[in-house]
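Dear colleague,

Please find the structure below, together with its sequence. A summary of the findings follows it.

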Amino acid sequence: MANDSGHQQGGLELGYARVSTTKQSLERQLDALATAGIPSTQIYVDKKTGTTVDRDGLNRLLAYARPGDTIVVHTLDRIGRNLREVLNLVHDLSERGVGVRSLADPLPINTADEGMARIAFLLLALFAEMERTFTAERAAHAHARAVAEANDRHVGRPVAHPAEKIEYARLLKVQGDSLGMIAAKTGIPMTSLHRYLAPADQEITQGQ
């Protein structure tokens, strides 16, 4: 695979291949890189060994790359474990003057290209930001719903229990049933029973 002998000038295409499971094969990626004209001495590899993914190859590649070089991968997801990580790494490489090119993405990426390949990458960045926003909104809504349900109400529309059930609950309370028994018989949560039965308790107290 790669030879880490230093180079003073940029302009090299450096291949990178990674598999994240023991069942995956590097051959497809390596064949694609070879077809793209990347010498085996300029290809860095990481593969799963045991329970961890060794990323020494990526670390050596990043240390070796110089301004003007381009890192070539089969698909963009090979250089990161998620889209955010990929975008952060590509951004850091761009700051160093190192490009990234993918071979088999639906829209092939080349961050050094000012044309459609560059636009495709910018679209990926936009989609990642949109997904981050949507994820945050879904998490906030889920949290609000959890809090609401803990307080025995739904977001936007309060739960109303049938009047006959409430009256039945009050009757059971007068008969001396515990809140747990009343909840079991009526299907009304205990948090709601506290609210429904408070007026009835007050009336009983006043009557005494």
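**Helix 6 and the residue after it**

In helix 6 (residues 179-186), the buried residues are Leu179, Ile182, Ala183 and Thr186. Buried here means under 20% relative accessible area, with exposed over 50% and partly exposed in between (1.4 Å probe, protein chains only). Helices (H or I, at least four residues) and strands (E, at least two) are DSSP runs, numbered from the N terminus. An α-helix has 3.6 residues a turn, so residues three or four places apart point the same way. Just after helix 6, glycine 187 adopts a positive phi of about 80°.

**Basis of the model**

This is a predicted model, in which local features need pLDDT of at least 70 and side-chain atom pairs count only at pLDDT 80 or more, while totals for chains, interfaces and linings use all residues. Residues are numbered from 1 along each chain as its sequence is written, and side-chain values use heavy atoms, with hydrogens and water left out.

**Nonpolar cores**

The largest nonpolar core has 20 residues, and those with the most contacts inside it are Tyr16, Leu61, Ile71, Ile79 and Leu93. Such a core is a set of buried Ala, Val, Leu, Ile, Met, Phe, Trp, Tyr and Cys residues joined through side-chain atoms within 4.5 Å. Two or more residues each come from strand 1 (13-18), helix 2 (56-64), strand 5 (70-73) and helix 3 (83-95). Apart from this core lies another, of 10 residues, among them Ala183, Ile188, Leu193 and Tyr196.

**Aromatic rings**

Across the whole structure, the search finds 1 aromatic pair. Tyrosine 44 and tyrosine 64 form this pair, which is tilted, at 6.2 Å centre to centre and 45° between the planes. Rings of Phe, Tyr and Trp (its six-membered ring) pair if their centres lie within 6.5 Å; planes under 30 degrees apart count as stacked, over 60 as edge-to-face and the rest as tilted. The pair links distant parts of the chain, with tyrosine 44 in strand 2 (residues 43-46) and tyrosine 64 in helix 2, 20 residues apart. Tyrosine 44 is buried, at a relative accessible area of 0%, and tyrosine 64 counts as buried at 9%.

**Threonine 111**

Threonine 111 is in the loop between strand 6 (99-102) and helix 4 (116-150). This threonine counts as buried, because its relative accessibility is 10%.

Yours sincerely
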